[in-house]
Amino acid sequence: MRKTKFITGGAVIAAALAYMIYAGVTQSAVYFVTPAELRASAVAGKAYRLGGMVLPGSVTWEPRTLALHFTLGDGTATVPVRHKGTPPDLFGEGRGAVVEGTWSADGYFRASLILAKHSEEYKAPHDASQAGYKELIRTLQGDGR
Amino acid sequence: MTRVLGWLAALALLAGLGMAFAVAPREATQGTVQRIMYVHVPSVWVAYCAFVVVFVASIAYLATRAEAADRLAHASAEVGVLFTGLTIATGSIWGKPTWGTWWTWDARLTSVAVLFVMYVGYLLLRGMIDEGERAARYAAVLGVVAALNIPLVHFSVLWWRTLHQPPSLMKPGPSSMPPVIVRALLVNFAAFALLYLYFVAKRVRLLRLEGEAGA
């Protein structure tokens, strides 16, 4: 009898916790919106996190003013993005990026933070055998990233 | 026995360092910073294993009331928290140069933070109750419930849009890594697993001696 009560109580607590975690994560689960979703319901001045692919050939960066312009796309829609600053190392054309900022009434996304999204692919350099060690020595000599 | 385990762990960690820095190649896209993976990924795998041990030992305690099962759950939770902390710290150090941020609230990072806090809570709960049998009983219930987090963390990158990339290895289909990187990961996982066993063996023994001294 006591055991049944104990198990029932435990199950109720477990279910409640599971629901709370699920609901909590789901609410903030849309970590970023896609360009198509932003285009569908963009409100000027509202803060968004926008994620997509940096379209090849779209990046321009002016080192003196730090003005960074590029276009994010998701295959159906594109959004022009403007930012002032230096992007992270992995930011680049043909790669994923997530940007935080606001939608401007002038028809572009004003980003205050650029995040590079990397894929789950890891590759060895082409001559994989001893290249790793040599590369390491090279980077230790202050030549690499 | 424990001493042998310690030496094995030390040797395996040395081998793991060798694999990570000398054998594994400089990754093509990320460069040298990718080598943090050889600490980050084994840490989280060991943390998963540690919390599965807490789960199993907690069920065993609830079923049999054997104090040895409780001590195992307690020790494994402590070491699991350590490795979860290591995962978060190394992930943060990896995130800054690659993503461009130390931290962001995407589903993977958030669920790992919840996992960490829950097991810290588990240890707090144990510390707050003076009466040994009651502490063990309450902790065992929490040890079972908190295990719900493990699949949540793993699948978070598949169920929701995240900044963190999906799994490269722990997935159906071929892995997204060359074999040399997989080997380096597995050697480091083995090393971390041995370190886990060493720490748990030490802690279980200490907890038993503390129990005997208190009784």
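Predicted model: local features only at pLDDT ≥ 70, side-chain atom pairs only at ≥ 80, totals over all residues.
Local features need pLDDT of at least 70 and side-chain atom pairs count only at pLDDT 80 or more, while totals for chains, interfaces and linings use all residues. Residues are numbered from 1 along each chain as its sequence is written, chains are lettered from A and ligands numbered from 1 in the order in which they are written, and side-chain values use heavy atoms, with hydrogens and water left out.

**Exercise 1. Follow Gly101(A) through its strand pairings and find its partners in chain A.**

Step 1. Helices (H or I, at least four residues) and strands (E, at least two) are DSSP runs, numbered from the N terminus. Two strands pair if DSSP finds at least two bridges between them.

Step 2. Start with β1 (47–54) and β5 (96–103) of chain A: they run antiparallel, with seven bridges. Here Gly101(A) in β5(A) sits opposite Tyr48(A).

Step 3. Now look at β6 (109–117) of chain A, which pairs with β5(A), again antiparallel, over eight bridges. On this strand Gly101(A) has Ala111(A) as its bridge partner.

Step 4. Check the turn too: the β5(A)–β6(A) hairpin has five residues between the strands, and Gly107(A) takes a positive phi near 90° there.

**Exercise 2. Work out how far α5(B) reaches and which of its residues are buried.**

Step 1. Helix α5(B) covers 132–145, so count 14 residues. The expected span is 1.5 Å times one less than the number of residues.

Step 2. From first C-alpha to last, α5(B) reaches 20 Å, close to the 20 Å expected.

Step 3. Buried means under 20% relative accessible area, exposed over 50%, partly exposed in between (1.4 Å probe, protein chains only). In α5(B) the buried ones are Ala135(B), Ala136(B), Arg137(B), Ala139(B), Ala140(B), Gly143(B) and Val145(B).

**Exercise 3. Describe the largest pocket: its volume and its lining.**

Step 1. On a 1 Å grid over the protein atoms alone, a pocket is an open set of points with protein on both sides within 12 Å along at least five of seven lines; lining residues have an atom within 4 Å of a point.

Step 2. The largest pocket holds about 570 Å³ of space. It has 20 lining residues, and Phe6(A), Ile7(A), Gly10(A), Leu62(B) and Val141(B) are the closest to its centre.

Step 3. Two or more lining residues each come from α1 (2–27) of chain A and from α2 (37–64) and α5 of chain B. The top contributor is α1(A), with ten residues.

Definitions and conventions:
1 Å grid on protein atoms, 1.4 Å probe; cavity = no way out; pocket = protein on both sides within 12 Å on 5 of 7 lines; lining within 4 Å. Points joined across faces, edges and corners; volume = space filled by probe spheres on them.
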